[in-house]
Amino acid sequence: KKWVYTFGGGKAEGRALDHDLLGGKGANLAEMCSLGLPVPPGLTIVTRACALYSENGRAIPDSLKAEVLAGISVVEGMAGRRFGDAERPLLLSVRSGARASMPGMMDTVLNLGLNDETVEALARDSGDARFAWDSYRRFIQMYGDVVMGLDHEVFAELLEDEKGRIGKEQETEFTVDEWRRLVDRYKEVIGEETGEGFPQDPAVQLWGAIGAVFASWMNPRAVTYRQLHDIPADWGTAVNVQTMVFGNLGNDSATGVAFTRNPSTGEKALYGEFLVNAQGEDVVAGIRTPQNITEIARIASGSDRPSLEKVMPDAFADLCAICDRLEAHYRDMQDIEFTIEQGKLWMLQTRSGKRTARAAMKVAVDMADERLISREEAVARIDPAALDQLLHPTIDPSARRDIIGAGLPASPGAATGEIVFTSEEAVQAKKEGRSVILVRVETSPEDIHGMHAAEGILTTRGGMTSHAAVVARGMGIPCVSGAGGIRVDLRNEKLIAAGTTFARGDVITIDGSSGQVLKGRVSMVQPELSGDFGRIMEWADASRRMTVRTNADTPADARAARSFGAEGIGLCRTEHMFFEGERINVMREMILAADEAGRRASLAKLLPMQRADFTELFSIMHGLPVTIRLLDPPLHEFLPKTDEEIADVAVALGMQPLELRQRVDALHEFNPMLGHRGCRLAISYPEIVEMQARAIFEAAVLAARDTGAPVVPEIMVPLVGLKAELDYVKARIDAVAADILNEAGVGIEYLVGTMIELPRAALRAHVIAESADFFSFGTNDLTQTTFGISRDDAAQFLNTYRMKGIIDRDPFVSIDYDGVGELIQIAAERGRRTKNGLKLGICGEHGGDPASIRFCEETGLDYVSCSPFRVPIARLAAAQAAI
Ligand code: ADP
Ligand code: MG
Ligand code: MG
């Protein structure tokens, strides 16, 4: 096996493709060499060697040493210098370079090979003794820190002492003798601290530095970074040993970093910083303030220090030309590191540049327009999850954040408002035109109207799939959930956070993208849906196969979804309509009625309200399909719970509180999610279905007449497990339809289908399909029933599961391919066996999750349905899955 790959002089043994073998940095250095770009010659020790080093008791095996030495002699030939030579010494940089970029996590040693003898040679050879000693002191500093384990502060302090002693502010003002004296001090302190002398033998230095880079793979910083970014520990890091070029060789030398385009806006303009007469880390270390690379950026930043364009126009021109080459070659925006040695430009690194969501969008669109990439590639390059950043107002990156607490980033976007503690107050405030943040311990279905009225929601309990989180995401309202460090004192209407007490009416800001809670008002950046965003979406739509619908319960949701490009409603949860305003009491009256006649009387009052809802939804969707789900939740969700609520509701309904309490208790269920709900309600109380069906068909007739567009209602029966359940409900629906359509004398097409959300339904899909016009996978319940895990109770232990490595991801957020996924595949296949081309969709939270959308594409579903604000994400993800 080959452990060492050399590069230099327009040739390289490796390629960019050998990324896993050579690490990102090594692979791209090799690639730049092959392109004929100026890269100091060097060699790369492969990533596998990192494990070899560990297995060998943290020592470099002799066989590897031999290969490295052979490589060094090749490099010596290319550089025209010899390592350790007393006349023309070769100096090296020893750099880490993992497969995934881990910026600044691991260590680098520069100027290696200097000692008391070679420093004199370097001085003679360069004709600049000051430079030689500056390099030597840098080397001792880095080597002492990285290899010998001294705190770099030790050296920083010695340097500061020396500055004080000689009365100089800038290192650039040091004379040769002053550097010499500092070098002596460095060596003394190293001797005192480690009991060893600073190694003079360049070979010892080299093995020490290579070993330290391998060892840095396991340093705590790197270990934490890997955990945060899911980088496997066994990948290891490569080591790059490279000829030094010097940015500290006088005022015609410099070092810098740049992006080929602006990483925060995406604008096509070289963007970066440099320092004259400096080396390596100086630019990022913040010791001196770096200068702008381009004149335009200099003017924009108001800096009076000259740009690279001005001071080194030739090197600048070379840099621009190289950036163009790199972009053309890599077909992506690059993040580069370079050094200029006495006017000559050298490339030290290139990689694809990290960028904001906004920049990613602009760069992709521009590159497609420049014909650098295809439109499909442009679409494929946008991270759908990052779109969230673009669809909501976000906190101005330059704003000061006064953080008072943190929870889960439950629903993206930022919001500012006065603190309120009840939904009633939120609604009232909205009427008065005030913005509020609704603060609750947790929310329940009764809070829907308050949540709607609020700018943002903050809860102190509950996870990413808590009621607050799911509903807020659905509404596109920013939400921070489970902010455990914040205490809500409802009695006194106070919120206690970070030792400060906030009263009702005090202003706070929540950042649903990061989970932060901030004091006061913070400035925001508004979303931009046209321009680059619009074009990417247009291209995505051209590439996708699946339709994207929305889950919408209200006209506002439906309108928002249309503006985000929804192509129909995949789920309208009718129960949400019953929580609005006065309706809840009519609904309660119906539930509490003693007999069928009583129920029918209340249902008659609900009918016109439902009809109006549906007419409006049909009109807004103007001919697009609308799937309406029949009443689904257990009835007691509509009923009051506390004594206080019971007292209030009893008055409204004209009942005795005691009597009401007894009725509520009678409806109590131990496992409501597995209880009297879904089609089970329809079978117990067919009059409810009849009312809902009547409302739907009457609305369809009205909307078709008003808009002139065809209306095709799709009626969806929830929680079916048996074909007979569906048959029973369908018979009621068909009867009502026949009645109304006959009477109106119009023909309206409609579909009756079912949700597949129970394992039994999935397994018996071929039989159920005989009676169903479509299936919609209700993956929230299907996940719940397949795992036997209650979604409302799962947050705590699923987190533990994740931390202990039992599961990788929350199955309520991203579909469980293996289990729930297989059930969906079975149902799709069996259903279509009975009915060729049976329409299939998904309407759980998963419908807006990119990984789950990919699964839907692979399974051949016809559409996904997701909350309005996720529609663009789903459009993009569906396109990416199809490309
Ligand atoms: P990181 O991965 O932390 O960016 P690098 O290996 O890129 O570490 O090294 C950091 C800096 O050291 C580079 O940006 C460059 O300025 C300097 N450097 C590295 N190798 C050389 C070299 N051969 N000649 C001159 N400077 C170098
Ligand atoms: Mg670097
Ligand atoms: Mg369900």
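Please find R573 first, in strand β28, which covers residues 569–573. Keep in mind throughout that this is a predicted model.

The unreviewed UniProt entry lists R573, R629, E757, G778, T779, N780 and D781 under "binding site". So much for the list; now take another residue from it.

G778 is placed in the loop between β32 (774–777) and α31 (779–787). E757 is itself in the UniProt "binding site" list.

Now the whole chain. It has 883 residues, of which 51% count as buried. The secondary structure amounts to 35 helices and 34 strands. Along the principal axes, the C-alpha atoms fill a box of roughly 105 × 60 × 55 Å. Taking contacts with a separation of 6 or more, 67% are between residues 24 or more positions apart.

The chain is divided into domain 1 (4–243), domain 2 (254–355), domain 3 (393–525) and domain 4, which is made of 544–634 and 669–882. The centres of domain 1 and domain 4, taken over C-alpha atoms, are separated by 62 Å.

Next, ligand 1. How many residues surround ligand 1? There are 17, and the closest are S93, R95, T108, G280 and E337. Several elements give two or more residues to this shell: β6 (92–98), β7 (108–112), β8 (237–243), β12 (334–341) and β13 (344–352). By class, the shell has five nonpolar, nine polar and three charged residues.

Helix α5, residues 129–146, has 18 residues. From its first C-alpha to its last, α5 reaches 26 Å, close to the 26 Å expected at 1.5 Å a residue. Of its 18 residues, 15 are buried, so α5 is largely enclosed by the rest of the structure.

Helix α8 covers residues 202–216, which makes 15 residues. At 1.5 Å a residue α8 should span 21 Å, and its end C-alpha atoms are 21 Å apart, so the two values agree. The buried residues in α8 include P202, Q205, L206, A209, I210, A212, V213, F214 and S216. An α-helix has 3.6 residues a turn, so residues three or four places apart point the same way.

Last, S398, in the loop between β14 (394–395) and β15 (403–406). S398 has 7 C-beta neighbours inside 10 Å, and because 12 or fewer is the cut-off, S398 counts as exposed. The C-alpha atoms of S398 and S523 are separated by 8.8 Å, although these residues are 125 apart along the chain.

That is the tour. I can take questions now.

Conventions: Residues are numbered from 1 along each chain as its sequence is written. Chains are lettered from A and ligands numbered from 1 in the order in which they are written. This is a predicted model: local features need pLDDT of at least 70, side-chain atom pairs count only at pLDDT 80 or more; totals for chains, interfaces and linings use all residues. A residue is near a molecule or strand if its C-beta atom, placed from the backbone, lies within 6 Å of it. Helices (H or I, at least four residues) and strands (E, at least two) are DSSP runs, numbered from the N terminus. Ala, Val, Leu, Ile, Met, Phe, Trp, Tyr, Cys and Pro count as nonpolar, Asp, Glu, Lys and Arg as charged, and the others, Gly among them, as polar. The expected span of a helix is 1.5 Å times one less than its number of residues. A residue is buried if 20 or more other C-beta atoms lie within 10 Å of its own, exposed if 12 or fewer, and partly exposed in between; C-beta atoms are placed from the backbone. UniProt positions are given in the numbering used here, feature names are shortened, and annotations may be inferred rather than shown by experiment. Domain bounds come from an automatic or database domain assignment. Two residues are in contact if their C-beta atoms, placed from the backbone, lie within 7 Å.
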